[in-house]
Amino acid sequence: MALEITSTAFPQGQTIPKQFTADGRNIPPPLSWTEPPSATRSFALICEDPDAPRGTFTHWIAFNLSVEQRELSEGGTLSGGALLGANDFGKVGYGGPAPPPGKPHSYYFKLYALDTQLDLPAGAKKDELLAAMKGHTLAEAQLIGTYGR
């Protein structure tokens, strides 16, 4: 069975509500996911915008999410040793969608089931996370939302 990620805030491919963007409360949307492969030891999450003018822009990184966890509530409160990475706004944590006016952008919430806990510090960047995950990804899922101004 494939890993799946969903949100009660927006269906696959639909508009992300304003409260989860930089124009609103700028908090992560609620996310939930299905049972991972049995060898899973942690999860990692990346939210990024591949439509950004200067190339893919990272909005959120979380890793070492507990293997028992199947959701993040609205606001994305982490527990059990989970850590936040640095986004491309230069901050640790979530930075909501903030596209330039015009065509709506797509935001990819990517969840990875990993066979290990990652030995990375809080504030790690996406390239460090991807390097640490190499060879450890058992399954992945993605949820796409859109937002425009």
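**View 1. An open sheet of 3 strands in the predicted model.** The strand order is β1-β2-β5, and the pairing is antiparallel. At the edges stand β1 (5–6) and β5 (71–72). Each has a single partner strand, so one side of each lacks a neighbour in the sheet.

**View 2. The pairing of β2 with β5.** Strand β2 covers residues 31–33 and runs antiparallel to β5. The two are joined by 2 bridges. Which residue of β5 is the bridge partner of S32? E71 is that partner.

**View 3. The largest pocket.** Its space comes to about 230 Å³. The lining consists of 14 residues, and D49, A52, P53, F57 and A98 are the closest to the pocket centre. Two or more lining residues come from each of β4 (57–66) and β7 (105–114). By class, the lining of the largest pocket holds 8 nonpolar, 4 polar and 2 charged residues.

**View 4. The protein chain and its elements.** The protein chain has 1 helix and 8 strands. Read from the N terminus, the elements run β-β-β-β-β-β-β-α-β. Along the principal axes, the C-alpha atoms fill a box of roughly 45 × 30 × 25 Å.

View 5. Why does the radius of gyration agree with a compact globule? For 149 residues, such a globule would have a radius of gyration near 15 Å, and the protein chain has 14 Å. Among contacts with a separation of 6 or more, 71% join residues 24 or more positions apart.

Conventions
Residues numbered from 1 in each chain as written. Predicted model: local features only at pLDDT ≥ 70, side-chain atom pairs only at ≥ 80, totals over all residues. Heavy atoms only, no water. 1 Å grid on protein atoms, 1.4 Å probe; cavity = no way out; pocket = protein on both sides within 12 Å on 5 of 7 lines; lining within 4 Å. Points joined across faces, edges and corners; volume = space filled by probe spheres on them. Helix = DSSP H or I, 4+ residues; strand = E, 2+ residues; numbered from the N terminus. Nonpolar A, V, L, I, M, F, W, Y, C, P; charged D, E, K, R; others polar. Pairing = 2+ DSSP bridges. Rg over C-alpha atoms; globule rule 2.2 N^0.38 Å. Contact = heavy atoms within 4.5 Å.
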